[in-house]
Amino acid sequence: MSDINTYSKKLAGFYAGGTNNHEAHNKNEKYFDVLLKDVTQDPDKWKNKKALDYGSGKGRNVTNLFDAADFDQVDGVDISKNNVEYCKNTYKDLNSNFYLINGFSLDEIEDNTYNFAMSTIVLQHVCVHEMRYKIKKEIYRVLDKGGVFSFQMGYGEKLLGGQS
């Protein structure tokens, strides 16, 4: 666990100043058709349900989830205090909670809380396998039975040895 704590502290330090909102990612044709397919294909299924955005940054996906379906509540968690404070101040009128996390646990959240969880362009920044595994276990812990977890990890042709 000490390796996880060391790494998560480094990540928290790196993102301490916050991030941008990455709104350009909404233009990716695969974003709504693949990552949010379970939500966009049947928005009525999510009426009065709860969702979680793991690595919510400045809240882009929290608002996207509210726009995509009639969720009752959409919460966000992030490792950056600045991001969490930004969301708490910006989205006061949404039925959302924003949690500052240590980067590998969701201790403040009870088991079986959410029906849908997502994480986009976050887990790719977690290179320690044990930590990434713990994050996924925590997300599954807070998902209700039958809940859906959709996540995206970025890659590029340069990383795969190709030209871009």
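Modeller: A word to start with: buried means under 20% relative accessible area, exposed means over 50%, and partly exposed is in between. The model we're looking at is predicted.

Colleague: Thanks! So is Phe 151 buried or exposed, or in between?

Modeller: Phe 151 has a relative accessible area of 34%, so it falls in between and counts as partly exposed.

Colleague: And Phe 149, buried or exposed?

Modeller: Phe 149 is buried, because its relative accessible area is 12%.

Colleague: How many aromatic pairs are there in the structure?

Modeller: There are six aromatic pairs. One of them is Phe 149 with Phe 151: the ring centres are 5.0 Å apart and the planes meet at 25°, so this pair is stacked.

Colleague: Which residues make up an aromatic cluster?

Modeller: Trp 46, Phe 71 and Phe 116 come together as one cluster.

Colleague: What lies over the face of Tyr 86?

Modeller: That's Lys 58, placed 5.1 Å from the centre of the Tyr 86 ring.

Colleague: Changing topic: how many salt bridges does a search of the whole structure find?

Modeller: The search turns up three. In one of them, Asp 70 pairs with Lys 47, and the closest N and O atoms are 3.1 Å apart.

Colleague: Where do Asp 70 and Lys 47 lie?

Modeller: Both are in loops. Asp 70 is in the one between α4 (60–68) and β2, while Lys 47 is in the one between α3 (37–40) and β1 (50–54), so the bridge ties together parts that are 23 residues apart in sequence. Asp 70 is partly exposed at 43% relative accessibility, and Lys 47 is partly exposed at 45%.

Colleague: What does Arg 141 form a salt bridge with?

Modeller: Asp 111 is one partner, with 2.6 Å between the closest N and O atoms. This bridge links distant parts of the chain, as Arg 141 sits in helix α6 and Asp 111 in the loop between β3 (98–100) and β4 (114–120), 30 residues apart. Glu 138 also meets Arg 141 in a salt bridge, at 3.0 Å from N to O.

Colleague: How many residues apart are Glu 138 and Arg 141?

Modeller: They are three residues apart in helix α6, which is about one turn of the helix. Together, Asp 111, Glu 138 and Arg 141 form a network of salt bridges.

Colleague: Which of those are buried, and which are partly exposed?

Modeller: Glu 138 is buried, at 9% relative accessible area. Arg 141 is partly exposed at 23%, and Asp 111 is partly exposed at 46%.

Colleague: Staying with that helix, where is Tyr 133?

Modeller: Tyr 133 belongs to helix α6, which covers residues 129–142. Its relative accessible area is 49%, so Tyr 133 counts as partly exposed. The C-alpha atoms of Tyr 133 and Phe 104 are 8.9 Å apart, with 29 residues separating the two along the chain.

Colleague: Last topic, confidence. What is the mean pLDDT of the protein?

Modeller: The mean is 84, and 78% of the residues reach 70 or more.

Colleague: Where is confidence lowest, and where is it highest?

Modeller: Helix α1 (residues 2–14) is lowest, with a mean of 65, and strand β2 (residues 73–78) is highest, at 97.

Colleague: And where does pLDDT stay under 50?

Modeller: Over residues 159–164, where the model has five contacts beyond four places in sequence. Where pLDDT is low, the predicted coordinates should not be read in detail.

Notes
Residues are numbered from 1 along each chain as its sequence is written. This is a predicted model: local features need pLDDT of at least 70, side-chain atom pairs count only at pLDDT 80 or more; totals for chains, interfaces and linings use all residues. Side-chain values use heavy atoms; hydrogens and water are left out. Rings of Phe, Tyr and Trp (its six-membered ring) pair if their centres lie within 6.5 Å; planes under 30 degrees apart count as stacked, over 60 as edge-to-face and the rest as tilted. Buried means under 20% relative accessible area, exposed over 50%, partly exposed in between (1.4 Å probe, protein chains only). A charge sits over a ring if NZ of Lys or CZ of Arg is within 6 Å of the ring centre and within 35 degrees of the ring normal. Helices (H or I, at least four residues) and strands (E, at least two) are DSSP runs, numbered from the N terminus. pLDDT is the predictor's confidence in each residue, from 0 to 100. Contact means heavy atoms within 4.5 Å. A salt bridge is a side-chain nitrogen of Lys or Arg within 4 Å of a carboxyl oxygen of Asp or Glu.
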